[in-house]
Amino acid sequence: MAFARTCSVALVGVDGVVVEVQADLEPGVAAFTLVGLPDKALSEARDRVRAAVVNSGESWPQRKLTIGLSPASVPKSGSGFDLAVACAVLAAAERLPPPVIADLLIIGELGLDGRVRPVRGVLPSVLAAADAGYKRVVVAEQTAAEASLVPGISVLGVRSLRQLIAVLTDAPVPEEPPEAAIGGPDPLMSGLLLPGSAMRRTAADPRFGPDLGDVAGQYEARQALEIAAAGGHHLYLKGPPGAGKTMLAERLPGLLPPLTRTEALEVTAVHSVAGLLPPGRPLVDLPPYCAPHHSTTMPAIVGGGSGLPRPGAVSLAHRGVLFLDEAPEFPVRVLDALRQPLESGEVMIARSAGSMRLPANFLLCLAANPCPCGRYSRRGEGCDCTPAMVSRYQARLSGPLLDRVDLRVQVEPVTKVELLERDRFAERTAVVAERVRAARERAVQRFDGTPWRTNSQVPGHELRTRWRPEPSALTEVEREMDRGLLTARGLDRVLRVAWTVADLAARAAPGAAELRTALALRRGFPVGARLAEGKR
């Protein structure tokens with residue numbers, strides 16, 4: 001009997017589980033048995049690995065072969081175990097030294113010709129390997145840069161099984177021309193990218209992204225965007241078609257500060273599993289922007305799918321912006337499903353194949369027309385909708401959902417003067433982003449020694465006891481609570497917004513003006529004068 005083992009990784013959501021790949025050769029009729037709860041793609045590894053080994057110039061053992069994937073209770077999916085299985089088989093057949101591969105963690109799909117193809121989820125897989133104490137990993141050459149993002153890990157990127165055998169046996173490494181050299185796009189990259197996502201590719205240079213200075217007018221909405229970015233507050237834009245709601249939302253990610261190293265690794269891990277990493281950019285260091293269509297299903301928004309769940313839009317927008325245009329057109333169940341991640345910053349998904357936690361700490365931006373035809377106003381000019389139609393349309397955004405949205409802005413149509421004349425007061429994204437950065441730094445200094453970094457994360461109890469506004473600043477807010485127009489959660493959110501307004505104005509604590517601004521944004525009325533007052 002001949003035996004060898006090595007290791008690979010099974011992904012459960014965006015978390016990796018180290019799997020031991022064992023190969024056992026015994027005398028008997030030639031057969032290939034794969035055990036350990038594999039899915040269909042992994043079960044087909046029998047044919048891929050056999051062809052890859054033979055086409056790499058090696059002999060396939062004509063004995064009874066059993067491949068075991070341990071722990072057997074963890075579901076295993078995908079083709080990323082191919083390379084580890086091939087190495088274990090060759091080591092059991094004494095073509096490779098078993099001790100050499102025992103300490104390796106190997107990830108990669110094999111083509112029938114022996115080429116190593118990249119797979120999705122390399123970053124979370126290598127992170128799991130590092131947590132388990134592994135120091136050396138083998139991946140496809142195309143994903144070596146992504147794997148190298150994990151500190152303390154030695155990464156070996158190979159193009160083929162032949163190259164890996166040569167490296168492990170100290171033989172001359174054969175030259176393998178890249179597939180792209182044959183002509184046309186690299187077909188090996190097709191395993192990393194999935195078409196049809198709702199992600200917008202962020203320009204590597206922010207100068208070529210959407211700029212806030214391109215938006216005509218909308219001064220109240222501009223300042224609401226600034227407050228949302230500075231404090232991490234959720235935003236609701238309501239106005240007629242063509243007023244600029246989508247333009248404003250698309251410019252919100254540009255106001256957010258770049259991701260820290262830890263945040264970038266979190267976001268990159270999610271996008272790697274989802275197959276959305278841009279070619280040539282193994283690290284996502286800018287806040288993502290996800291804008292799903294209103295016909296998107298519940299699993300696509302929250303996460304899920306057949307078998308083990310996959311990341312949805314709320315996870316793809318982690319540390320960035322989730323924009324729901326035409327929000328009332330989304331199914332009510334989908335909108336209400338956002339309430340949990342809005343509170344906890346993560347989403348828990350349970351399926352028959354298992355349960356998992358996916359990160360979902362995003363900034364929500366909702367946009368909606370005032371009525372089905374979009375022309376409804378307080379004067380009722382040009383609207384053909386009945387009052388019942390207007391009420392039914394607006395009621396699709398439930399009270400519990402809107403209660404979690406801090407900023408509500410009425411986006412009015414742009415006037416002819418604002419649209420045709422050059423706006424000398426329109427600030428560029430870089431100018432506003434600098435104020436946002438300074439405001440966030442003030443918040444970080446204030447919350448030093450606590451787990452919070454933005455005002456939207458601070459519990460209401462702390463704001464009411466530890467970081468109180470100026471004396472007598474809560475008079476109008478208390479009046480709103482007495483009238484039943486403001487809930488306890490609403491009070492906490494008003495205090496958070498007030499602190500953000502104070503940070504933007506470089507004030508030590510929010511006063512009456514900041515509280516009035518926050519309360520006006522909470523109500524969602526046209527508040528131009530009050531916003532200007534709060535800015536002073």
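How many of the 13 residues of helix α8 are buried? Eleven of them are, so α8 is largely enclosed by the rest of the structure; buried means under 20% relative accessible area, exposed over 50%, and partly exposed in between, with a 1.4 Å probe and protein chains only. The structure is a predicted model, in which local features need pLDDT of at least 70, side-chain atom pairs count only at pLDDT 80 or more, and totals for chains, interfaces and linings use all residues. Residues are numbered from 1 along each chain as its sequence is written, and side-chain values use heavy atoms, with hydrogens and water left out.

Helices (H or I, at least four residues) and strands (E, at least two) are DSSP runs, numbered from the N terminus. The buried residues of α8 include Arg222, Gln223 and Glu226, together with Leu225 and Ile227. The end C-alpha atoms of α8 are 19 Å apart, which agrees with the 18 Å that its 13 residues should span at 1.5 Å a residue; the expected span is 1.5 Å times one less than the number of residues. Just after α8, Gly232 takes a positive phi of about 70°.

Helix α8 (residues 219-231) lies across strands β10, β17 (363-368) and β18, running at about 165° to β18. Axes are lines fitted to C-alpha atoms, for helices over the stretch in contact, and angles run from 0 to 180 degrees between N-to-C directions. These strands belong to an open sheet of five, with parallel pairing, in the order β11-β14-β17-β10-β18. The edge strands, each pairing on one side only, are β11 (289-290) and β18 (407-410). Two strands pair if DSSP finds at least two bridges between them; β10 (residues 235-238) and β18 run parallel and are joined by four bridges. Within this pair, Leu237 stands opposite Val409 in β18.

Helix α8 also packs with α22, at an angle of about 100° and with the axes 9 Å apart. That makes α8 roughly perpendicular to α22, since angles under 35 degrees count as roughly parallel, over 145 as roughly antiparallel, 65 to 115 as roughly perpendicular and the rest as oblique. The contact (heavy atoms within 4.5 Å) is made by Glu226, Ile227, Ala230 and Gly231 of α8 and by Val497, Thr500, Val501 and Leu504 of α22. Helix α22 (residues 488-504) reaches 25 Å from its first C-alpha to its last, close to the 24 Å expected for 17 residues. Of these 17 residues, 15 are buried, and α22 is mostly covered.

Arg440 lies in helix α19 (residues 429-446). Apart from neighbours within four places in sequence, Arg440 is in contact with Ala229, Ala230, Gly232, Leu256, Pro257, Arg453 and Thr454.

A disulfide is counted where a pair of cysteine sulfur atoms lies within 2.5 Å, and the count comes to zero. Cys383 is in no disulfide, and the nearest cysteine sulfur, that of Cys373, is 3.7 Å away. Cys385 is likewise in no disulfide; the nearest cysteine sulfur to Cys385 is that of Cys373, at 3.6 Å. Cys383 counts as buried at 17% relative accessibility, and Cys385 is buried with a relative accessible area of 15%.
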